[in-house]
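My entries follow in the order in which I made them.

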Amino acid sequence: MTSDFVNRLKVFRAERNWTQADLAEQLGVSRQTVQALEKGRYDPSLPLAFRISRLFGRPIEAIFVQ
Amino acid sequence: MNTEAKTAAANKKKMDDLTVGLCALTVVGVSATAATPFWPATWGQAPSIGVVVLAAGLAVFLALHTRYWWRSLDEAAQEAHKWAWWWGGNLGFIVGGAAVVIAALNGVDLLPARVPHTDTALIALGVVAAFAAQAMGYGIAWCGWWMARR
């Protein structure tokens, strides 16, 4: 149940000293969803990927790497 | 507050408003005891207007509440429910249906002894068994989806 992508969500979140709950609130998703995303066990939709991209100020391909 | 959080809060407010509306409707349902007019005689004794209003209101409440609840979920939560609905519901139905058929073919009486064994009771048993099996499969699949993503 792992994604074909690796992602750097946890790294970018840690750089900002955000908890999973902080990130979840800013993305408008649940903490469980953030946890699944970080562990690479759930691939976000394109709209959510863009929201993540905007939030961290990085292009999508810098966050999700194949 | 971002757009997603605002939408979720708006949906929650709508659900709260609906609940208040249902409470008001319940008061009407309990107090309006006059028989429902124009009730066809072939349908048996007419229920009170309050019961009819309450039943119709409950149906609308459930439909709208489900809609707003669904919109308040994030995409992963929606995905978990859709996955559980398809896999859990279908597999639960197949397994549960097979269990009921095998039990019936082996002479197991699934109806409680005090319930008259009429056709209506047997059909109701089938409906309840199918629903219970799907609900159980749904629940297991939903838990499994989230457990696999912890």
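I looked up the crossing of H3(B) and H4(B) and found it right-handed. A crossing is left-handed if the near helix is turned anticlockwise from the far one by less than a right angle, and right-handed if clockwise. Helices (H or I, at least four residues) and strands (E, at least two) are DSSP runs, numbered from the N terminus.

I noted that this is a predicted model, in which local features need pLDDT of at least 70, side-chain atom pairs count only at pLDDT 80 or more, and totals for chains, interfaces and linings use all residues. Residues are numbered from 1 along each chain as its sequence is written, while chains are lettered from A and ligands numbered from 1 in the order in which they are written.

I then took the geometry of the pair. Helix H3 of chain B covers residues 75-105 and helix H4 of chain B covers residues 119-147; their axes come within 6 Å and cross at roughly 135 degrees. Axes are lines fitted to C-alpha atoms, for helices over the stretch in contact, and angles run from 0 to 180 degrees between N-to-C directions. The angle makes H3(B) oblique to H4(B). Angles under 35 degrees count as roughly parallel, over 145 as roughly antiparallel, 65 to 115 as roughly perpendicular and the rest as oblique.

I checked which classes of residue make the contact of H3(B) with H4(B): 20 are nonpolar, eight polar and none charged. Ala, Val, Leu, Ile, Met, Phe, Trp, Tyr, Cys and Pro count as nonpolar, Asp, Glu, Lys and Arg as charged, and the others, Gly among them, as polar.

Next I took helix H1 (residues 3-31) and helix H2 (residues 49-72) of chain B, whose axes come within 9 Å and cross at roughly 170 degrees. That makes H1(B) roughly antiparallel to H2(B). The contact of H1(B) with H2(B) has 14 nonpolar, eight polar and three charged residues.

**A crossing in chain A**

I looked up H2(A) and H3(A) and found that their axes come within 8 Å and cross at roughly 105 degrees. H2(A) is therefore roughly perpendicular to H3(A). Gln20(A), Ala21(A), Leu23(A) and Ala24(A) make the contact from H2(A), and Arg31(A), Thr33(A), Val34(A) and Gln35(A) from H3(A). By class I have four nonpolar, three polar and one charged.

**Where the chains meet**

How many residues does each chain bring to the contact? I found 15 residues from chain A and twelve residues from chain B. Two residues are in contact if their C-beta atoms, placed from the backbone, lie within 7 Å. On the side of chain A that touches chain B, helix H2 (20-27) and helix H3 (31-38) of chain A each supply at least two residues. H3(A) gives the most to that side, with four residues. That side of chain A divides into six nonpolar, seven polar and two charged residues.

I followed one residue of chain B across. Leaving out residues up to four places away in sequence, Ala76(B) touches Val29(A), Thr33(A), Ala36(A) and Tyr42(A).

I then looked up the largest nonpolar core, which has 18 residues. Such a core is a set of buried Ala, Val, Leu, Ile, Met, Phe, Trp, Tyr and Cys residues joined through C-beta atoms within 7 Å. Leu27(A), Leu37(A), Ile52(A), Ala76(B) and Ala84(B) have the most contacts inside it. H2, H3 and helix H4 (46-56) of chain A, with H3 and H4 of chain B, each give two or more residues to this core.

**Single residues**

A residue is buried if 20 or more other C-beta atoms lie within 10 Å of its own, exposed if 12 or fewer, and partly exposed in between, with C-beta atoms placed from the backbone.

I found Arg41(A) in the loop between H3 and H4 of chain A. Arg41(A) is partly exposed, because 16 other C-beta atoms lie within 10 Å.

Asn17(A) lies in the loop between H1 and H2 of chain A. Its phi is near 60 degrees, a positive value in a residue other than glycine. Asn17(A) counts as exposed, with 7 C-beta neighbours inside 10 Å.

Phe38(B) sits in the loop between H1 and H2 of chain B. I noted that phi of Phe38(B) is near 60 degrees, also positive in a residue other than glycine. Phe38(B) counts as exposed, with 5 C-beta neighbours inside 10 Å.
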